[in-house]
Amino acid sequence: MNAPLISITGLTKRYGSFTAVDDVSLDVAAGSICGLLGPNGAGKTTTFKCLLGFAKTSAGTIAIEGAPLSPATFETVAYVPERATLYDNLTIAEHLTVYRRSYKHYDDARARELLALFDLDPRQRAEKLSKGMRTAVALTLAFSIRPRVLILDEPSSGLDPIHQRHVLDLMIDAAANGAAVLFSSHQVGQVERAADSVAIMNKGRLIVNSVIDELKTGEKIIEAVFAGPIPNLNGLANDPNILRIEQVGSTLRAVTREDSDAIAQRIFALHPRSIRTIDLNLEEIFMNAVSRDQA
Amino acid sequence: MPAIFTVDPRSGVPLYLQLIEQIKRAIALGTLAPGEQLPTVKALALELTVNPNTVARVYRELERDAVIDTSPGRGSFVRTDGAGHEARRAVADVARTAFEGAVREAKSLGLSRKETHELMARTIARWYETENDA
């Protein structure tokens, strides 16, 4: 792993007595894509706003490419907000002109290519665009400045499945060229595909921050069915690698954090009639993490 | 590249393991020939719409397993030295995983060791016609 291009340390944001973001630390390295998941109101958008200096942090530090935020930061950072902010009385082509004048690394050929990719007509005025098309224009502008850091808040909202796939491919292409990408999404499948790491927020706190393949390797359900009542578990519930144990009738289900094989062996030693290990996808891991946190 | 890979990101099986298995299978079946060049990390990531670091990890692990060779600037290639051996080992890997899954399934359905043995013997008898079938 390379040095982080995005580095958030101990970020806290309070609005009066309400803590929107609570001690969040998160790094995204060059070449990496981090997917941020969380229920509505978890603090994802507030984290992005603090990260970009649009909201004042109550505590904690932000570094982009190893340095605190400065006007120069925005030469290399692209941000796509949840609701794209465009100039309603300008055409798409005029938006490109604004960008050409504002950004050193703006690449017009790239911008035209992306407009075609998203089936956008540069002559159209922003006020005439649908929500999805506005998002597509914001994405076109974001990727046309050849950014080193991309911060995308639900970048595919309102887009059709084909254009959504283009967004994932754009992120993958940017990461393959050394950019760091942080994006939020309600579509777990997108995170599962495009991201290498996942961060899960709930009620302002970061409850999961891990490499997706490692999460899937560790978090599994071991289900054992016993011929009679479930025997004494010999302190199995205290194993730090077990997140949760459920017992229903003669069925035992253990959710593992790591080392599911060793735990399966321990349960097997209790002589169940049958035992199996169930792989969990990211959606299930996400749901489990949030419900454990609510408990 | 004549080999076609597909991954299922929604599966609980980590993507890198899915891809490693498929590449080994392609080598075992000969759809990826010894000496053949693999796509670049970026090209394969974009082709499958998966994270580049995931593909990079797959290539690192295949290199560690002596299945492919990667040289900076040239790319990744299926190994030619002992390729037959590697292919056989790759076949065995793929077969072992499938076999383990089947036995685990039998066990999870509550079949005894004896019943599982009998089931295996019958299955082998169906697919291998004679004792001498190689």
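This briefing describes a predicted model with a chain A and a chain B. Between them, the two chains bury about 2,300 Å², of which 49% lies on carbon and sulfur atoms. Over all chains, the count of salt bridges comes to 28, and four of these salt bridges cross the interface of chain A and chain B.

**Chain B in outline**

- Chain B contains five helices and two strands, and from the N terminus on its elements follow the order α-α-α-β-β-α-α.
- Along the principal axes, the C-alpha atoms of chain B fill a box of roughly 55 × 35 × 25 Å.
- Of the 134 residues in chain B, 39% are buried.
- Among contacts in chain B between residues at least 6 apart in sequence, 52% link residues at least 24 apart.

**Helix α1 of chain B**

- Helix α1(B) covers residues 15-29, and its 15 residues should span 21 Å at 1.5 Å a residue; the end C-alpha atoms are 21 Å apart, which agrees.
- The buried residues of α1(B) are L15(B), Y16(B), Q18(B), L19(B), I20(B), Q22(B), I23(B), K24(B), A26(B) and I27(B).
- In general, an α-helix has 3.6 residues a turn, so residues three or four places apart point the same way.
- After α1(B) comes G30(B), which has a positive phi, near 85°.

**Strand β3 of chain A**

- Strand β3(A), residues 33-37, is mostly covered, and five of its five residues are buried.
- I33(A), G35(A) and L37(A) point one way from β3(A), while C34(A) and L36(A) point the other way.
- As a general rule, side chains in a regular strand alternate between the two faces of the sheet.
- β3(A) pairs with strand β7(A), residues 180-184, in the parallel sense over four bridges, and in this pairing G35(A) stands opposite F183(A).
- β3(A) also runs parallel to strand β8(A), residues 197-202, to which four bridges join it; here C34(A) stands opposite S197(A).

**The interface of chain A and chain B**

- Chain A gives 33 residues to the contact, and chain B gives 25 residues.
- On the side of chain A, I172(A), R193(A) and D213(A) lose the most area to chain B, together 26% of what that side buries.
- Across this interface there are 18 residue pairs in polar contact, both residues being at pLDDT 80 or more.
- The elements of chain A that give two or more residues to the side touching chain B are α5 (161-176), α6 (188-194), α7 (212-218) and β13 (274-279).
- The largest share of that side, seven residues, comes from α5(A).
- One salt bridge joins the side chains of K42(B) and D173(A), at 3.1 Å from N to O.

- E223(A) is found in strand β10(A), residues 220-225.
- Is E223(A) buried or exposed? With a relative accessible area of 15%, E223(A) is buried, because the cut-off for that class is under 20%.
- The side chains of E223(A) and R253(A) meet in a salt bridge of 2.8 Å, N to O.
- R253(A) lies in strand β12(A), residues 251-256, and E223(A) in β10(A), so the pair ties together parts that are 30 residues apart in sequence.
- R253(A) counts as partly exposed, at 27% relative accessibility.
- Leaving aside residues up to four places away in sequence, E223(A) touches T251(A), L252(A), R253(A), S274(A), I275(A), R276(A) and I278(A).

**Other salt bridges**

- D107(A) forms a salt bridge with R146(A), with the closest N and O atoms 3.1 Å apart.
- D107(A) is in the loop between α2 (92-102) and α3 (108-117) of chain A, and R146(A) is in the loop between α4 (131-144) and β6 (149-153) of chain A, so the pair ties together parts 39 residues apart in sequence.
- Both ends of this pair count as partly exposed: D107(A) at 23% relative accessibility and R146(A) at 44%.
- In chain B, the side chains of D65(B) and K24(B) meet in a salt bridge of 3.3 Å, N to O.
- D65(B) lies in the loop between α3 (52-64) and β1 (68-71) of chain B and K24(B) in helix α1(B), so this pair ties together parts that are 41 residues apart in sequence.
- K24(B) counts as buried, at 9% relative accessibility.
- Salt bridges with shared partners join E214(A), K24(B), R57(B), E61(B), R64(B) and D65(B) into one network.

Key
Residues are numbered from 1 along each chain as its sequence is written. Chains are lettered from A and ligands numbered from 1 in the order in which they are written. This is a predicted model: local features need pLDDT of at least 70, side-chain atom pairs count only at pLDDT 80 or more; totals for chains, interfaces and linings use all residues. Side-chain values use heavy atoms; hydrogens and water are left out. Buried means under 20% relative accessible area, exposed over 50%, partly exposed in between (1.4 Å probe, protein chains only). Two strands pair if DSSP finds at least two bridges between them. The expected span of a helix is 1.5 Å times one less than its number of residues. Contact means heavy atoms within 4.5 Å. Buried area is the accessible area (1.4 Å probe) that two parts lose on being put together, summed over both. A salt bridge is a side-chain nitrogen of Lys or Arg within 4 Å of a carboxyl oxygen of Asp or Glu. A polar contact is a pair of N or O atoms within 3.5 Å; within protein, one must be able to donate a hydrogen and the other to accept it, and residues adjacent in sequence count only if both atoms are side-chain atoms.
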